[in-house]
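Let's take a look at where a ligand ends up in a protein model. Have the sequence and the 3D view open as you read.

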Amino acid sequence: MSGDLKWNKIFGAGLGTVFAILVVQQVSGAIFRTEAPEKMGYFVDAPETPAGGAAAVELAPDWGTVLPVADIAAGEAAFARCQACHDIAAGGPNKIGPNLNGVVGRAVASHAGFAYSDAMKAHVSVDPTWTLDALDHFITAPQRYVAGTKMSFAGLRDTQTRVNLIAYLRSQGSAGFPVPAPDPARQPPVAGAADATAAPADGVAAPTDGVADTAAVQVAPAAH
Ligand code: HEC
């Protein structure tokens with residue numbers, strides 16, 4: 001976040017200067033070509049920005065560190081957006097999506113009585129079971145991680161929200177799933193980012209996962 005703030009200040013200060021220079025000297029448009037696209041253009045689907053919050057998505061969370069201290073209540077709140085399609089009670093029904101009780105560590109596409117897409121069935125060759133990393137990748141961007149899945153959900157871009165949510169999923173029938181040892185090579189998620197739970201970018205049942213997120217990222221810098 002501090003990277004974003006700093007950049008915004010630089011950009012804000014620079015913008016006025018650049019504008020004045022343009023008026024007076026007709027400086028070439030190269031200034032805009034080098035600066036503006038960094039902000040506007042590249043965050044379409046892949047969560048890769050040069051600095052700041054979204055960069056944390058590139059590295060898998062250090063589960064051994066973040067899971068024991070995750071906010072399960074916040075995870076339950078985040079599950080509200082899954083609930084339209086998923087029941088999580090033990091022995092609960094399949095809805096639009098399969099029952100998720102015990103899903104952490106469960107074999108992919110294995111819940112009895114649910115008609116999985118061919119894409120999800122084929123995904124077994126990538127992830128035989130729903131590991132913490134596999135769930136994290138899938139929930140981040142379902143259609144990107146399992147191309148062709150029939151889960152119509154845009155994805156949760158905020159790492160801390162996913163950590164909390166996965167801690168909640170684990171608490172619902174998967175508590176026996178082992179938490180790995182802390183791994184310093186993995187980067188902890190950006191602290192304080194859990195507020196993004198309410199971000200419109202994570203809307204339920206969005207047909208694709210590019211548009212809403214792009215809009216959210218474009219709006220964000222103006223808030224500072
Ligand atoms: C609009 C409905 C919908 C929403 C919202 C939704 N899902 Fe799903 N989910 C599905 C469907 C449908 C499938 C089956 C996908 C397939 O077969 O391709 C699925 C599959 C899954 C699976 C794989 C389960 C298995 O047995 O292999 C997981 C895990 C999952 N969803 C988690 C979540 C989480 C967590 C959320 C909330 C952040 C969520 N889903 C939101 C519809 C939804």
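This is a predicted model: local features need pLDDT of at least 70, side-chain atom pairs count only at pLDDT 80 or more; totals for chains, interfaces and linings use all residues.

Residues are numbered from 1 along each chain as its sequence is written, and side-chain values use heavy atoms, with hydrogens and water left out.

**The pocket**
- The ligand sits in the second largest pocket; "sits" means that more than half of its atoms lie within 2 Å of the pocket's grid points.
- A pocket is an open set of points, on a 1 Å grid over the protein atoms alone, where a 1.4 Å probe fits, with protein on both sides within 12 Å along at least five of seven lines.
- This pocket holds about 560 Å³ of space, counted as the space filled by probe spheres set on the points.
- Its lining (residues with an atom within 4 Å of a point) has 32 residues, and H86, G97, P98, F138 and M151 lie nearest the centre.
- Helix 6 gives the most to that lining, with three residues; a helix here is a DSSP run of H or I, at least four residues.

**The ligand's surroundings**
- 28 residues surround the ligand, and the closest are C82, C85, H86, S117 and M151; to count, a residue needs a heavy atom within 4 Å.
- Helix 6 also gives the most to this shell, with three residues.

**Polar contacts (N or O pairs within 3.5 Å)**
- A ligand oxygen is 2.4 Å from a side-chain N or O atom of Y116.
- For the side chain of T149, the distance from a ligand oxygen to an N or O atom is 2.7 Å.

Definitions and conventions. Helices (H or I, at least four residues) and strands (E, at least two) are DSSP runs, numbered from the N terminus. A polar contact is a pair of N or O atoms within 3.5 Å; within protein, one must be able to donate a hydrogen and the other to accept it, and residues adjacent in sequence count only if both atoms are side-chain atoms.
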